[in-house]
Number of protein chains: 2
Amino acid sequence: MTGRPLSLGVLGGMGPAATAEFLRLLAARAPAATDQEHPRILLLSDPSIPDRTEALLSGDDAPLALLHDGLLTLAGWGAEVLAVPCNTAHVWLDRIRAELPVPLVHIVEATLRATGAASPGGAWLAATTGTVASGIYQRCARAGGYRLAVPDDALQRRIHAAATLVKANRVPEAAEAFRSAVLELRRRERIPVVTACTELPIAYAAAGLPPDNEVSSVAALATACAEALYRPGGPAGCMAATGSLKGAP
Amino acid sequence: MTGRPLSLGVLGGMGPAATAEFLRLLAARAPAATDQEHPRILLLSDPSIPDRTEALLSGDDAPLALLHDGLLTLAGWGAEVLAVPCNTAHVWLDRIRAELPVPLVHIVEATLRATGAASPGGAWLAATTGTVASGIYQRCARAGGYRLAVPDDALQRRIHAAATLVKANRVPEAAEAFRSAVLELRRRERIPVVTACTELPIAYAAAGLPPDNEVSSVAALATACAEALYRPGGPAGCMAATGSLKGAP
């Protein structure tokens, strides 16, 4: 390591268990042998940010101002890089990203980079109904020529319910609901499942499903943040992200 | 729940994995069914705080000013309750606690309350060499007439080494080192082990040791914080903590 890593500002609490899991994975990915070699981390978990899927499905932009305020607060506290361990929130973050004073590590870009590397032939999209309806994953994948398979409405409802159960601290029920949904997806096509809601990796792990069949958005964000903090200037951007999915020209 | 919970300021990074585990347990203990019912959390993980055991053993007070600054920063950001998921740091926190603008949930008091409830007949103290040498646990236990058994120097070195390995992201080695030390303690006397360093519960869990034989300082702090945030005015203070260990008069 040359010099100190950059400071990371995390806008969290969406949900709280996912924020803790993100911090656990980030600590594990830091090239650090002592506490002193880890990055400075500033976290703001703000429960006043409304439910993102409800807002998206009702056309309500209430989360936008709070997300913007939270990120500006973190930058004001000294964050040099920003991250938000919530996929659905990124629908609004895309609208304010250019105005942020410091770079944002984008969870959709990070996750699709990891997905393309793990499974060039395509993957299932497991996300909240808000994320799926927004098309944020599908657009980024399409720009890179990558195939994301989207569950039908009945399966989508079961996947969304699993994410909501994790937020309610009902992880065993979440695991059972998600397990059956994942097994049904895999029965239809045996490609990996992208857990593109930050609660779903918790349900996936609790379900005892095989790690090899999952691309976790929380893990992908943690990996991308460790890279951004210790080796600034690496891969970023939706086209860069998905361009790499096509392989070399 | 009546009204919103209080805001928690967490001075973390001592170490980073322990901070993540603390936030995981706090989220699990919050009486919340949605993200919006969780408390507001402000975290500052500051890697510039020097190693606490090294400072204690060399009589260096360098951590004091940084711990004080960090807690004042969190209060300035709006924290209404403070917590520091690092046992050794509390040696200095005891010197500044009275000057803090908002209450601190004290990890030693929280842990000894949990220990007394779990094992009235005594417990082994597993902590960093700095924490053991400071006597912070022994004093609080003695004030309440509680018996804490302290490992001999050779076992203490193995326990401290396990905590250091967790900080270095070498959890499997930490688990093996701690497992053998715990089995040796339990061979000498079959009382529970207080994991009174926030890295040690991670080593304990990874070692596959029986949960019933452990009182985790991270879990005790998370439980005490959930109580302080949702039901302010509950048990606190070293005498209150250890007084309860004696049982009813």
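Which residue follows H7(A), and is its phi positive or negative? The residue is A:Gly145, and its phi is positive, near 70 degrees. The model is predicted: local features need pLDDT of at least 70, side-chain atom pairs count only at pLDDT 80 or more, and totals for chains, interfaces and linings use all residues. Residues are numbered from 1 along each chain as its sequence is written, chains are lettered from A and ligands numbered from 1 in the order in which they are written, and side-chain values use heavy atoms, with hydrogens and water left out.

**View 1. Helix H7 of chain A.** Helix H7 of chain A covers residues 136-143; helices (H or I, at least four residues) and strands (E, at least two) are DSSP runs, numbered from the N terminus. Its buried residues are A:Ile136, A:Tyr137, A:Gln138, A:Cys140 and A:Ala141. Buried means under 20% relative accessible area, exposed over 50%, and partly exposed in between (1.4 Å probe, protein chains only).

**View 2. The largest pocket.** This pocket holds about 700 Å³ of space. On a 1 Å grid over the protein atoms alone, a pocket is an open set of points where a 1.4 Å probe fits, with protein on both sides within 12 Å along at least five of seven lines; lining residues have an atom within 4 Å of a point. Grid points are joined across faces, edges and corners, and a volume is the space filled by probe spheres set on the points. Of the 30 lining residues, A:Glu21, A:Arg24, A:Leu25, A:Pro201 and A:Ser216 lie nearest the centre. Elements giving two or more residues to this lining include helix H5 (107-118) of chain A and helix H1 (16-29) of chain B. By class, the lining has 19 nonpolar, three polar and eight charged residues. Ala, Val, Leu, Ile, Met, Phe, Trp, Tyr, Cys and Pro count as nonpolar, Asp, Glu, Lys and Arg as charged, and the others, Gly among them, as polar.

**View 3. The second largest pocket.** About 410 Å³ of space lies here, lined by 22 residues. A:Arg24, B:Glu21, B:Pro201, B:Ile202 and B:Ala205 are nearest the centre. H1(B) supplies the largest share of the lining, six residues. The lining divides into 14 nonpolar, three polar and five charged residues.

**View 4. The largest nonpolar core.** A nonpolar core is a set of buried Ala, Val, Leu, Ile, Met, Phe, Trp, Tyr and Cys residues joined through side-chain atoms within 4.5 Å. The largest has 85 residues, and B:Leu148 is one of those with the most contacts inside it. H11(A) contributes the largest share of this core, eleven residues. Beyond its neighbours within four places in sequence, B:Leu148 is in contact (heavy atoms within 4.5 Å) with residues including B:Leu112, B:Tyr137 and B:Val194.

**View 5. Strand S1 of chain B.** S1(B) pairs with strand S2 (residues 41-45) of chain B in the parallel sense over five bridges; two strands pair if DSSP finds at least two bridges between them. B:Gly9 stands opposite B:Leu42.

**View 6. An open sheet in chain A.** Four strands have the order S6-S5-S7-S8, with parallel pairing. S6 (148-149) and S8 stand at the edges, each with a single partner strand, so one side of each is left without a neighbour in the sheet. A:Val194 has A:Val215 in S8(A) as its bridge partner.
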